[in-house]
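Colleague: I am new to this structure. Could you take one part of it and go through it closely, saying what your terms mean as you go?

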Amino acid sequence: MDEAITIEIDEGSGFCFGVVTAIDKAEAALANNAELYCLGDIVHNSDEVKRLAEKGMTTITHDDLERLHNVRVLLRAHGEPPSTYATAARNGISIIDATCPVVLRLQRRIKESYREGAAIGRQIVIYGKPGHAEVNGLVGQTDGNAIVVQGVDDLGLIDYSRDVDLYSQTTMSLSGFKNIISEIERRMQSGATFRSFDTICRQVANRVDSLRRFAADHDLVLFVSGKKSSNGKFLFSECHAVNPSTRLISDETDIDPAWLTGIRRIGICGATSTPRWLMERVKEHIGDILGDDVVIN
């Protein structure tokens, strides 16, 4: 008798604390059927954005914010620059602030560091993805003067004869951050000081090792993530490095039944922006494809 096929969802995958809080605040605000806007996608997952849109939440851009007056706007977990709050105050907009506490603390640290060092020419450097919503909020704490580096190739933007304070976007790779620190230290010139602050969220960073173990323990891994999620791209690459039979999917419609041929152990996992209900739907869909000889964990 053939070994039963097992389908397992990684217990550590799914929304991080900041995203859970943002969605809870959105649902609470929508409970009384009042109008609610969200500045940008509340999470980088189109299925979850659609679910909340069906409850009455409208996603808007910063250009839309300039035109709106006397409405309620939710700020997502990524955080926003001071200019967003100024626009809201000017237009009589009521803010529901769902900025992740980890991001909020980082904003305050960067703002303080910038104020202390601006007079002496200290540079604020942020290891992160240029244009990412969180990074835009961090750069805004420095009046737009922070230097954003995504990798070693960007380090030529820094003046190594001047003091440098280095911070990181909360969802970046810990190993990548260490590489950036080492290279900046190597380039610093005599008389200039360099300080680095590890501001990577451990709830995200600690998922790497557990996800790698999960990926190694399955014949096929389906990594569920929205196409816009930088965290999803990073965590998928970590799984794929351990198990080349890892497939990146947005939802169950991306699954090719041919992937399941001869497979006995199937693992499902996702990014910090992947809702648990979506991973459950993927699991149920695989069960429907495979039929009776399936053990669903």
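Modeller: Helix H2 is followed by Gly-56, whose phi is positive, near 120 degrees. This is a predicted model, in which local features need pLDDT of at least 70 and side-chain atom pairs count only at pLDDT 80 or more, while totals for chains, interfaces and linings use all residues. Residues are numbered from 1 along each chain as its sequence is written, and side-chain values use heavy atoms, with hydrogens and water left out. Helices (H or I, at least four residues) and strands (E, at least two) are DSSP runs, numbered from the N terminus.

At the N-terminal end of H2, the cap is Asn-45. One of its side-chain oxygens lies 3.1 Å from the backbone nitrogen of Asp-47. Within H2, the buried residues are Asp-47, Glu-48, Val-49 and Leu-52; buried means under 20% relative accessible area, exposed over 50%, and partly exposed in between (1.4 Å probe, protein chains only). An α-helix has 3.6 residues a turn, so residues three or four places apart point the same way. The buried residues of H2 pack against helix H1 (17-30), strand S3 (57-60) and helix H11 (276-290).

The loop between strand S2 (36-39) and helix H2 (46-54) holds Asp-41. Asp-41 counts as buried because its relative accessible area is 17%. Leaving out residues up to four places away in sequence, Asp-41 touches Val-49, Thr-59, Arg-76 and Lys-228, where contact means heavy atoms within 4.5 Å. With Lys-228, the link is a polar contact between the two side chains, at 2.8 Å. A polar contact is a pair of N or O atoms within 3.5 Å; within protein, one must be able to donate a hydrogen and the other to accept it, and residues adjacent in sequence count only if both atoms are side-chain atoms.

Arg-207 lies in helix H9 (residues 207-216), and it counts as buried because its relative accessibility is 9%. Apart from neighbours within four places in sequence, Arg-207 is in contact with Gly-12, Ser-13, Gly-14, Phe-15, Cys-16, Ala-271 and Thr-272. The C-alpha atoms of Arg-207 and Gly-12 are 7.1 Å apart, although 195 residues separate the two in sequence. To Phe-15, the side chain of Arg-207 reaches the backbone oxygen at 3.5 Å.
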